[in-house]
Amino acid sequence: MESRSSDSSFFHQHNMLMEMQQSLRIALDHTQRQSNSHHQNHPESSTMGRKFFVGGNWKCNGTTEQVKKIVETLNAVEVPSSDVVEVVVSPPYVFLPLVKSLLRPDFQVAAQNCWVKNGGAFTGEVSLAKMSNSSVLGVVTIAKMSNSSVLGHSERRLLLNESNEFVGDKVAYALSKGLKVIACVGETLEQREAGSTMDVVAEQTKAIADRISDWNNVVIAYEPVWAIGTGKVATPAQAQEVHSELRKWLAAKTSNEVAETMRIIYGGSVNGANCKELAGQPDVDGFLVGGASLKPEFIDIINAATVKSA
Ligand code: PGA
């Protein structure tokens, strides 16, 4: 599985990336000029105002030196501005302060999990108090270490037996403390083959909907388990189908406004080669990227945002 075995690729390709950047810069200048003029004519040009979102889930990868190199590379690239794409990287806990202190300010940092209560006798867990301070600006906590968290990732649901209810509790708790949440849902291969994809995804989302009423700081990541780390990406049509069904479910169970404004991002073997076609789907609002977020192609994936703004 790529994301678990590809530690070295990013770092070996670091120099190559520097060369790529020059040509990318020229292409981007052109794209941004086009995008700017487009925006002037059509201020509401993004899909229902849903800003493209790209998350890099580094999972349990990287040494201090490797992490510094990734950050150094990300800091040097030119990508569309933060009003076109929201970029969030999610390093392992131990690297959160390092990444937060070194990463460019237009990119955000997310934890990969968080505990469901305040601190206390919970061996091995990390409380939100350790991740953020309490200074609140509007609804968003100004975080010391991170300003969002990935919750409900299938690796935690399946390997650590996190139930829908437990994930729902975590989402509600994190939001109540001012964090933004990337909430992951998705079916296994068996569930897809049994025709229950939408039931599974709806059930997982319902456990969150039962516990929260304000969805403003939530992004939903649809991540079919069979596509994660397998190189077997969902086809654009498969992704679009679930995203669109999920949006209909949100309209029925929450409100039209939540459904229309919710960023539903896709995750599962997204790479530099498949990202543009996926991004072209009307209900795909970005990506959660595992293995490829450790490689130079993560830049290409961020740039897929231009598909929406073109
Ligand atoms: P992958 O992982 O891109 O390596 O398939 C995606 C994820 O788990 O978020």
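The structure is a predicted model, in which local features need pLDDT of at least 70, side-chain atom pairs count only at pLDDT 80 or more, and totals for chains, interfaces and linings use all residues. Residues are numbered from 1 along each chain as its sequence is written, and side-chain values use heavy atoms, with hydrogens and water left out.

**Overall picture**

The protein has 15 helices and 10 strands; these are DSSP runs numbered from the N terminus, with helices being H or I of at least four residues and strands E of at least two. Of its 310 residues, 53% count as buried. Here buried means under 20% relative accessible area, exposed means over 50%, and partly exposed is in between, using a 1.4 Å probe and protein chains only. Contact means heavy atoms within 4.5 Å. Among contacts between residues at least 6 apart in sequence, 74% join residues at least 24 apart.

**Helix 10 and its two partners**

Two packed helices are described by the angle between their axes and the distance between the axes. Axes are lines fitted to C-alpha atoms, for helices over the stretch in contact, and angles run from 0 to 180 degrees between N-to-C directions.

Let us start with helix 8 (residues 164–176) and helix 10 (residues 197–209), whose axes come within 8 Å and cross at roughly 40°. Helix 8 is therefore oblique to helix 10. Angles under 35 degrees count as roughly parallel, over 145 as roughly antiparallel, 65 to 115 as roughly perpendicular, and the rest as oblique. The crossing of helix 8 and helix 10 is right-handed, a term used when the near helix is turned clockwise from the far one by less than a right angle. On the helix 8 side, the contact is made by Asn 164, Glu 165, Gly 168 and Val 171, while helix 10 brings Glu 203, Gln 204, Ala 207 and Ile 208.

Helix 10 also packs with helix 11 (residues 236–253), at an angle of about 40° and with the axes 10 Å apart. That makes helix 10 oblique to helix 11, and their crossing is right-handed. Residues of helix 10 in this contact include Met 198, Val 201 and Ala 202, and those of helix 11 include Leu 246, Trp 249 and Leu 250.

Gln 66 sits in helix 4 (residues 64–76), and its side chain reaches the backbone nitrogen of Thr 63 at 2.9 Å. Ala 76 belongs to helix 4 too. The C-alpha atoms of Ala 76 and Arg 104 are separated by 8.9 Å, although these residues are 28 apart along the chain. Lys 59 is found in the loop between strand 1 (52–57) and helix 4; its phi is near 50°, a positive value in a residue other than glycine.

**Two further loops**

Ser 269 lies between strand 9 (263–267) and helix 13 (275–279), in a loop. Its phi is near 60°, again positive in a residue other than glycine. Phe 122 is in the loop between strand 3 (107–111) and helix 6 (128–131). Leaving aside neighbours within four places in sequence, Phe 122 is in contact with Trp 115 and Lys 117.

Here is how these residues are classed by accessibility.

| Residue | Relative accessibility and class |
|---|---|
| Lys 59 | 9%, buried |
| Gln 66 | 19%, buried |
| Ala 76 | 33%, partly exposed |
| Phe 122 | 28%, partly exposed |
| Ser 269 | 18%, buried |

Conventions: Polar contact = N/O pair within 3.5 Å; in protein donor to acceptor, adjacent residues only side chain to side chain.
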